[in-house]
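Hi,

Here is the structure we talked about, for you to open alongside this note.

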Amino acid sequence: MSLLSLSQVEVHYGGIRALKGVSMEVRAGELVALIGANGAGKTTTLRAIAGLARATGGIRFDGQSLLGQAPHAIARSGIALVPEGRGVFAQLTVDENLAMGAYSRGDRAAIEKDREHVLSLFPRLAERLTQTAGTLSGGEQQMLAIGRALLSRPRLLLLDEPSMGLAPLLVDRIFEVIRRVSAEGVTMLLVEQNANLALEVASRAYVLENGEVSISGSAADLLGNPKVQAAYLGIEG
């Protein structure tokens, strides 16, 4: 059974049709990748799920419609978005940012346990708990954004371009954590410009082109697809 399902989802920005009937699903426990060129509609898809872009069609999470719900209500239902650009609270400390991730939870003992787990995933954050988030490097801010989202104990984690602007070593570290979190059972929908990385960690994937799903299947199938290889993996046939 699908945890998340999209059916013929459309999003318009003024006269621009950004999504043109997107349908996809994410099953519980899966890591699903969404790849495509810049401007294909990947971020818009995540924003529609999170309630940040007005959509038509069908978006259901655990059987309940998300259309028309406010973003905070969608977040409380168990969906956490790590946005493109990280979106950390620059004037707050690392510790305060992490606390914001758990703002809707009341289980203090479990929150502290989850906080310690996040700090074990990202030891660098543990070294910078009193530092303001705006003074962190880009990689550290990405770690903080993911850690903050995990503190909400999400049933579905939406990741938007986690490798963007990061040095290769930090990209490897971020994706190591993504693999680990996925192995722990957190369901994820990953938008990633680096198609190779995305397909290496995902179980299934969708390709978006001009606001429409053009290819879908197992990540292994997409890695071997000549069209995907030529367009997104830099492999010429």
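A salt bridge here is a side-chain nitrogen of Lys or Arg within 4 Å of a carboxyl oxygen of Asp or Glu. Please keep in mind that this is a predicted model.

By that definition, Arg27 pairs with Glu30, because their closest N and O atoms are 3.2 Å apart. Arg27 is partly exposed, at 35% relative accessible area, whereas Glu30 is buried, at 10%.

- Asp107 and Arg105 form one, with 3.1 Å between the closest N and O atoms. Asp107 is partly exposed at 31%, while Arg105 counts as buried at 15% relative accessibility.
- Arg180 forms another with Glu184, where the closest N and O atoms are 3.7 Å apart. Both partners count as partly exposed, Arg180 at 40% and Glu184 at 42%.

Coming back to Arg27 and Glu30, these two belong to a network with Glu25 and Arg204, joined by salt bridges that share partners.

Now to the inside. A search of the whole structure gave one cavity of 30 Å³ or more, and the largest cavity has about 40 Å³ of space. Two elements, β7 (156–160) and α7 (168–183), each give two or more residues to its lining; α7 gives the most, with three. Lining the largest cavity are Ile146, Leu157, Leu159, Val177, Ile178, Val181 and Met188. These seven are nonpolar, and the lining has no polar and no charged residues.

Best wishes

Key. Residues are numbered from 1 along each chain as its sequence is written. This is a predicted model: local features need pLDDT of at least 70, side-chain atom pairs count only at pLDDT 80 or more; totals for chains, interfaces and linings use all residues. Side-chain values use heavy atoms; hydrogens and water are left out. On a 1 Å grid over the protein atoms alone, a cavity is a set of points where a 1.4 Å probe fits but cannot get out, and a pocket is an open set with protein on both sides within 12 Å along at least five of seven lines; lining residues have an atom within 4 Å of a point. Grid points are joined across faces, edges and corners, and a volume is the space filled by probe spheres set on the points. Helices (H or I, at least four residues) and strands (E, at least two) are DSSP runs, numbered from the N terminus. Ala, Val, Leu, Ile, Met, Phe, Trp, Tyr, Cys and Pro count as nonpolar, Asp, Glu, Lys and Arg as charged, and the others, Gly among them, as polar. Buried means under 20% relative accessible area, exposed over 50%, partly exposed in between (1.4 Å probe, protein chains only).
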